[in-house]
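Dear colleague,

I am passing this structure on to you, and I would be glad if you read the notes below beside it. They begin with a term or two and then go through what was found.

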Amino acid sequence: MTLSSEHGDLGAEDLKIITLARSARARNGVPEGAAVRDETGRTYVAGTVELESLKLSALQTAVAMAVASGARSLEAAAVVSNAGAASAEDRAAVRDLGGPETPVLLAGPDGKLREAVTAG
């Protein structure tokens, strides 16, 4: 099913990962929330990691969680942030696991889609 709205033409599964990313951001009080969906449909949700010795964006953390759980590929990725565009580093992490055509969705804190690009 594809939904046309302020989210553009996104399927229910893509809207789900945006919602999960938004929830992670709000629940953890972090600058970004992210979610990725692997080749089996499993989702991995994460927030920004900012430790003294380790700093990862939410999307990098979600990709790392997928890899650590045995994912072999990604179907899609979503990040909720105040940023105007998905960072090159985030897109690279998604590309490393999912390939260059993997969709990367960026939504604002309100959940509205701001950008839909590929990992490139």
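Two strands are said to pair if DSSP finds at least two bridges between them. Helices (H or I, at least four residues) and strands (E, at least two) are DSSP runs, numbered from the N terminus. Please keep in mind that this is a predicted model, in which local features need pLDDT of at least 70 and side-chain atom pairs count only at pLDDT 80 or more, whereas totals for chains, interfaces and linings use all residues. Residues are numbered from 1 along each chain as its sequence is written, and side-chain values use heavy atoms, with hydrogens and water left out.

The sheet comes first. Five strands form an open sheet with mixed pairing, in the order E4-E3-E7-E8-E9. Its edge strands are E4 and E9 (113-118), each of which pairs on one side only. On average, and with direction ignored, neighbouring strands of this sheet are turned by 15° against each other; here axes are lines fitted to C-alpha atoms, for helices over the stretch in contact, and angles run from 0 to 180 degrees between N-to-C directions.

E3 and E4 run antiparallel and are joined by five bridges, and Gly33 has Gly47 in E4 as its bridge partner. The hairpin of these two strands, E3 and E4, has four residues between the strands, and Gly41 takes a positive phi near 95° there. E7 and E8, by contrast, pair in the parallel sense over four bridges, and Val79 stands opposite Leu106 in E8. E8 and E9 pair in the antiparallel sense, over five bridges, with Val117 in E9 as the bridge partner of Val104. In the hairpin of E8 and E9, which has five residues between the strands, Gly111 takes a positive phi near 90°.

H3 packs on the sheet, where it touches E7, E8 and E9, and its direction makes about 165° with that of E7. Contact, here and below, means heavy atoms within 4.5 Å.

What lies in the interior? In soluble globular proteins, nonpolar side chains tend to be buried together. Buried means under 20% relative accessible area, exposed over 50%, and partly exposed in between (1.4 Å probe, protein chains only). A nonpolar core is a set of buried Ala, Val, Leu, Ile, Met, Phe, Trp, Tyr and Cys residues joined through side-chain atoms within 4.5 Å. The largest such core has 20 residues, and those with the most contacts inside it are Val36, Leu59, Val63, Ala66, Leu74 and Val94. Two or more residues each come from E3 (33-38), E4 (43-47), H2 (58-68), E7 (74-80), H3 (88-98) and E8 (103-107), and H2 gives the most, with five residues. A second, separate core of eleven residues includes Ile17, Ala21, Val80 and Leu105.

Within H2, the residues Ala58, Leu59, Thr61, Ala62, Val63 and Ala66 are buried. Leaving aside neighbours within four places in sequence, Leu59 is in contact with Ala34, Val36, Ala77, Ala78, Val79, Asp90, Val94 and Val104. Just after H2, Gly70 takes a positive phi of about 95°.

Helix H1 is the next element to look at. H1 has 17 residues and reaches 24 Å from its first C-alpha to its last. Its buried residues are Asp14, Leu15, Ile17, Ile18, Ala21, Ala24 and Arg25. Asp14 has a relative accessible area of 16% and is therefore counted as buried; apart from its neighbours within four places in sequence, Asp14 is in contact with Arg37, Ala76 and Leu105.

Two loop residues deserve a look as well. Ser81 is found in the loop between E7 and H3 and counts as buried because its relative accessibility is 6%. The side chain of Ser81 makes a polar contact with the side chain of Glu32 (3.4 Å), where a polar contact is a pair of N or O atoms within 3.5 Å; within protein, one must be able to donate a hydrogen and the other to accept it, and residues adjacent in sequence count only if both atoms are side-chain atoms. A polar atom of the Ser81 side chain also lies 3.0 Å from the backbone nitrogen of Ala83.

Thr102, in the loop between H3 and E8, counts as buried at 3% relative accessibility. Thr102 and Leu74 are 28 residues apart in sequence and 6.9 Å apart in space, C-alpha to C-alpha.

With best regards

Key:
Expected span 1.5 Å × (residues − 1).
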